[in-house]
Amino acid sequence: MNSTIWILDSYEEAFAKNIVIVSLGFIINFINGMFVVTFFSNPVFSRDSRYILYIHLVLNDMLMICVSVTLYVLSYAIPLLNASFCCILLVLGTTTFMITPLNLAGMAIERFIAICKPLHHSRICTPQRAYIFICLLWVLGTIPSLADIIILLSIQPISFFRSTVLCYPFSFFPSNAHKERTTASQVIYMSLVWIILIYTYCRVLFTARKAVSKGSANKAQSTILLHGVQLLLCMLSYITPVVDMIVIPFFPFHRTKISFFNYLLTHIVPRLLSPLIYGVRDQKFMKQMKKYFTCRVIIVKIMPSKS
């Protein structure tokens with residue numbers, strides 16, 4: 001405490017930040033909610049693995065936005081939360097955060113099979129396998145959070161979960177050494193995920209260009225590049241701790257402003273652009289969406305009767 005500089009926002013600045021975050025969160029979930037309604041309104045989508053993976057991405061991002069915005073608002077309104085409730089929020093936020101890039105990678109592989117191996121697509125990419133893949137994503141996404149909970153149980157008594165804590169990722173661990181080790185492991189994990197996914201996308205792109213005709217190759221290239229853009233938007237979230245560690249020491253008295261804009265650009269905005277780009281580009285999906293959400297104007301013409 002003696003070596004830490006605490007910078008607090010003014011009431012007007014805190015209120016403006018929360019209004020911006022809550023408004024953007026509401027807009028994102030409203031738009032994504034339209035995609036969800038469109039998906040469940042037509043049974044054709046639920047029989048296609050492509051749309052199953054897409055709507056899971058949308059639902060996952062909606063849950064992540066809800067948790068993320070809730071934590072942001074509570075950090076101003078109620079900084080001290082029940083430890084058990086904080087654990088639940090952090091586990092949900094971390095899990096959904098981890099799932100998004102892996103879901104995008106699965107969508108890219110599904111498109112690769114559909115374009116390069118169309119005869120095998122219906123056999124490989126079935127709805128049942130799509131649901132199995134989604135379950136696997138949740139298992140992989142929860143592993144880091146479960147590891148943190150196990151560590152927490154080993155160093156804290158059970159009574160700790162009835163206490164109140166500052167609800168942020170490192171609030172449960174008083175040791176700065178643990179924070180440094182965790183941050184380093186996160187950076188290593190992010191780097192490995194980045195390398196693996198970029199390598200996968202390059203292989204998919206080059207294989208698609210060689211395996212099909214010129215017209216189909218162009219379609220495959222644009223599709224895979226689209227997933228690559230979505231991945232890059234998603235992976236911006238992984239650089240947030242790195243940017244904070246690099247920039248904030250140079251401007252310590254603007255810590256809250258830097259963290260706010262960093263959070264806004266790397267967590268909120270990509271969740272608006274990523275599903276929107278994919279949903280708007282898909283003609284079948286847009287056709288059904290217009291059917292349910294386009295306002296129809298009925299014009300009634302009254303013709304004078306002939307006497």
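This is a predicted model: local features need pLDDT of at least 70, side-chain atom pairs count only at pLDDT 80 or more; totals for chains, interfaces and linings use all residues.
**Helix 2 against helix 5**

I started with helix 2 (residues 49-77) and helix 5 (residues 127-155), which pack with their axes 9 Å apart and at an angle of about 30°. That angle makes helix 2 roughly parallel to helix 5, since anything under 35 degrees counts as such. I then checked the hand: helix 2 passes helix 5 in a right-handed crossing.

On the helix 2 side I found Ser49, Ile52, Leu53, His56, Asn60 and Leu63. They meet Pro127, Ala130, Tyr131, Phe133, Ile134, Leu137 and Trp138 of helix 5. I sorted the residues of this contact by type and got 10 nonpolar, 3 polar and no charged.

**Aromatic pairs**

I searched the whole structure and got 10 aromatic pairs. I looked up phenylalanine 39 with phenylalanine 45: ring centres 6.5 Å apart and planes at 20°, so I logged the pair as stacked. Phenylalanine 39 counts as buried at 4% relative accessibility, and phenylalanine 45 counts as buried at 0%.

Then I took tyrosine 72 and phenylalanine 260, a tilted pair with 6.3 Å centre to centre and 50° between the planes. Tyrosine 72 sits in helix 2 and phenylalanine 260 in helix 9 (residues 255-281), so this pair ties together parts 188 residues apart in sequence. I noted both tyrosine 72 and phenylalanine 260 as buried.

Conventions: Residues are numbered from 1 along each chain as its sequence is written. Side-chain values use heavy atoms; hydrogens and water are left out. Axes are lines fitted to C-alpha atoms, for helices over the stretch in contact, and angles run from 0 to 180 degrees between N-to-C directions. Helices (H or I, at least four residues) and strands (E, at least two) are DSSP runs, numbered from the N terminus. Angles under 35 degrees count as roughly parallel, over 145 as roughly antiparallel, 65 to 115 as roughly perpendicular and the rest as oblique. A crossing is left-handed if the near helix is turned anticlockwise from the far one by less than a right angle, and right-handed if clockwise. Contact means heavy atoms within 4.5 Å. Ala, Val, Leu, Ile, Met, Phe, Trp, Tyr, Cys and Pro count as nonpolar, Asp, Glu, Lys and Arg as charged, and the others, Gly among them, as polar. Rings of Phe, Tyr and Trp (its six-membered ring) pair if their centres lie within 6.5 Å; planes under 30 degrees apart count as stacked, over 60 as edge-to-face and the rest as tilted. Buried means under 20% relative accessible area, exposed over 50%, partly exposed in between (1.4 Å probe, protein chains only).
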